[in-house]
Amino acid sequence: VEEAKPDDKEADGANVNKDIEKPKNIRTVSQFKKNWLHIMFEPVEGAQNYRVMYRKAGEKTWKYSWTDGKTDYYLRNLKKGGLYEFMFAAYKKNADNEWERGAYSKTSYRYYYKEKIKKVKAGKKSIKVTWVKDKNGDGYELFYATNAKMKNRKKIVINKFIL
């Protein structure tokens, strides 16, 4: 049975292969009641596993974990009202059966905050949502759909310059 991931020593010492792409199109969904942030990204061709580095912004030490070959990861037990930073690297074995990795993705930052919705008002072909603004946030993502399961959902990005 082939290893699904390198041990920490192998991972830290893995050669960086410029032909292995960085994970990209990183996006998140937070679940405030369960204290987690679900992070997703596009698969990297040939990758056997992905290593995630994460920390609460301002902390000195990074924490490391593996996605077990999946293109998503859950940051759990988050502190409310905190800015988190994370990045990913793809790992695979080369022809000599040694682990190598691509460069780490650009550092992503997500502010973990519970939105405080004040009011939702539905019109015939529109909806108006008002909420309490968070002074620490850079913007908001609003997801909407015409069904409860959010199938075929759409997203609106609202940045701080138009709030």
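How many salt bridges does the structure hold? The structure holds 4 of them, a salt bridge being a side-chain nitrogen of Lys or Arg within 4 Å of a carboxyl oxygen of Asp or Glu. This is a predicted model, in which local features need pLDDT of at least 70 and side-chain atom pairs count only at pLDDT 80 or more, whereas totals for chains, interfaces and linings use all residues. Residues are numbered from 1 along each chain as its sequence is written, and side-chain values use heavy atoms, with hydrogens and water left out.

**View 1. The protein chain as a whole.** The protein chain has 1 helix and 13 strands, where helices (H or I, at least four residues) and strands (E, at least two) are DSSP runs numbered from the N terminus. The mean pLDDT, the predictor's confidence in each residue from 0 to 100, is 83 for the protein chain, and 88% of the residues score at least 70. Among the elements, strand 8 (residues 99-101) has the highest mean pLDDT (96) and strand 12 (residues 139-144) the lowest (73).

View 2. The side chains of Asp12 and Arg51 meet in a salt bridge at 2.9 Å, N to O. Arg51 is buried, with a relative accessible area of 3%, whereas Asp12 counts as exposed at 55% (buried means under 20% relative accessible area, exposed over 50%, partly exposed in between, with a 1.4 Å probe and protein chains only).

View 3. The side chains of Arg55 and Glu85 meet in a salt bridge at 2.8 Å, N to O, and the pair links Arg55 in strand 4 with Glu85 in strand 7 (residues 82-93), 30 residues apart. Arg55 counts as buried at 16% relative accessibility, and Glu85 is buried at 6%. Ser108, found in strand 9 (residues 108-112), is in contact (heavy atoms within 4.5 Å) with Ile26, Tyr84, Glu85 and Phe86, leaving aside its neighbours within four places in sequence. Ser108 is buried, with a relative accessible area of 11%.

**View 4. Exposure of Ile127.** Ile127 lies in strand 11 (residues 127-132), and at 53% relative accessibility Ile127 counts as exposed.
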